[in-house]
Amino acid sequence: MSLEPNTLPVWRLPLTEPMREVKQKPTSLYDSDGFRLRAACVCVRSEAEEEVLLITRRNGPGWVIPGGKIEPEELIDPALSAVREAREEAGVVGTLGRYLGTFENVERGHRTQVYVLYVKELEADWAESGRDRKWFSVREAQEQLRINRPIHSMYLDSLKRSQH
């Protein structure tokens, strides 16, 4: 199965109920340079890409873009990890968009592959529903991200540069 941008409805799990539990994370996977492998989705409200969904951090105050570890079975296609993390952390379901790039965080020792996700649905109950989520304009989102996760602000720079 291929994940062509803007054509595949996001990873609809074969579940009759929403995801409610966060499964245990496997040991981190590393690339040949020793960086942990991660994936994330910039979740946008529409194809106009004017609003971005941010979630609160799990540990501490502030807003972030949903993302996390690439699991072993997702290594062949990190977009699967990005979509899974967006659903677990933000309760979003949508359509996978374009690849925005790989972002290296030397301080934290990871590289994150980032994709656009066009949100079609916000689940009322999701795996990490203890987190808040909120729509921000791209400008407001960047201001929030510069406070806690400056590298996440760079994801939005790439989003803006790659708009049609």
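The largest pocket of this predicted model has a volume of about 520 Å³. Here a pocket is an open set of points on a 1 Å grid over the protein atoms alone, where a 1.4 Å probe fits, with protein on both sides within 12 Å along at least five of seven lines. Grid points are joined across faces, edges and corners, and the volume is the space filled by probe spheres set on the points. The lining, meaning residues with an atom within 4 Å of a point, holds 23 residues, and the closest to the pocket centre are Arg 38, Arg 58, Gly 67, Arg 108 and Arg 149.

What kinds of residue line the largest pocket? The lining divides into four nonpolar, eight polar and 11 charged residues. Asp, Glu, Lys and Arg count as charged, Ala, Val, Leu, Ile, Met, Phe, Trp, Tyr, Cys and Pro as nonpolar, and the others, Gly among them, as polar. Strand E1 (36-44), strand E4 (67-69), helix H1 (78-90) and helix H3 (150-161) each supply at least two residues of this lining.

Residues are numbered from 1 along each chain as its sequence is written, and side-chain values use heavy atoms, with hydrogens and water left out. As the model is predicted, local features need pLDDT of at least 70 and side-chain atom pairs count only at pLDDT 80 or more, while totals for chains, interfaces and linings use all residues.

Now for the fold. The protein chain has three helices and seven strands, running β-β-β-β-α-β-β-β-α-α from the N terminus. These are DSSP runs numbered from the N terminus, with helices (H or I) of at least four residues and strands (E) of at least two. Of the 164 residues in the chain, 52% are buried; buried means under 20% relative accessible area, exposed over 50%, and partly exposed in between (1.4 Å probe, protein chains only). Among contacts (heavy atoms within 4.5 Å) between residues at least 6 apart in sequence, 71% join residues at least 24 apart.

| Residue | Relative accessible area | Class |
|---|---|---|
| Cys 41 | 0% | buried |
| Cys 43 | 1% | buried |
| Gly 97 | 2% | buried |
| Lys 134 | 43% | partly exposed |

A disulfide is defined here as a pair of cysteine sulfur atoms within 2.5 Å, and a search of the whole structure finds zero disulfides.

Gly 97 belongs to strand E5 (residues 92-105). Although Gly 97 and Cys 41 are 56 residues apart in sequence, their C-alpha atoms are 9.2 Å apart in space.

Lys 134 sits in strand E7 (residues 133-137). Leaving aside residues up to four places away in sequence, Lys 134 touches Val 52, Leu 53, Leu 54 and Trp 63. Thr 56 is 78 residues from Lys 134 in sequence, with a C-alpha to C-alpha distance of 8.7 Å.

Finally, a look at the backbone. Most residues other than glycine have a negative phi. Glu 49, however, has a positive phi, near 55 degrees. Glu 49 is found in the loop between E1 and strand E2 (51-56), and is buried, with a relative accessible area of 3%.
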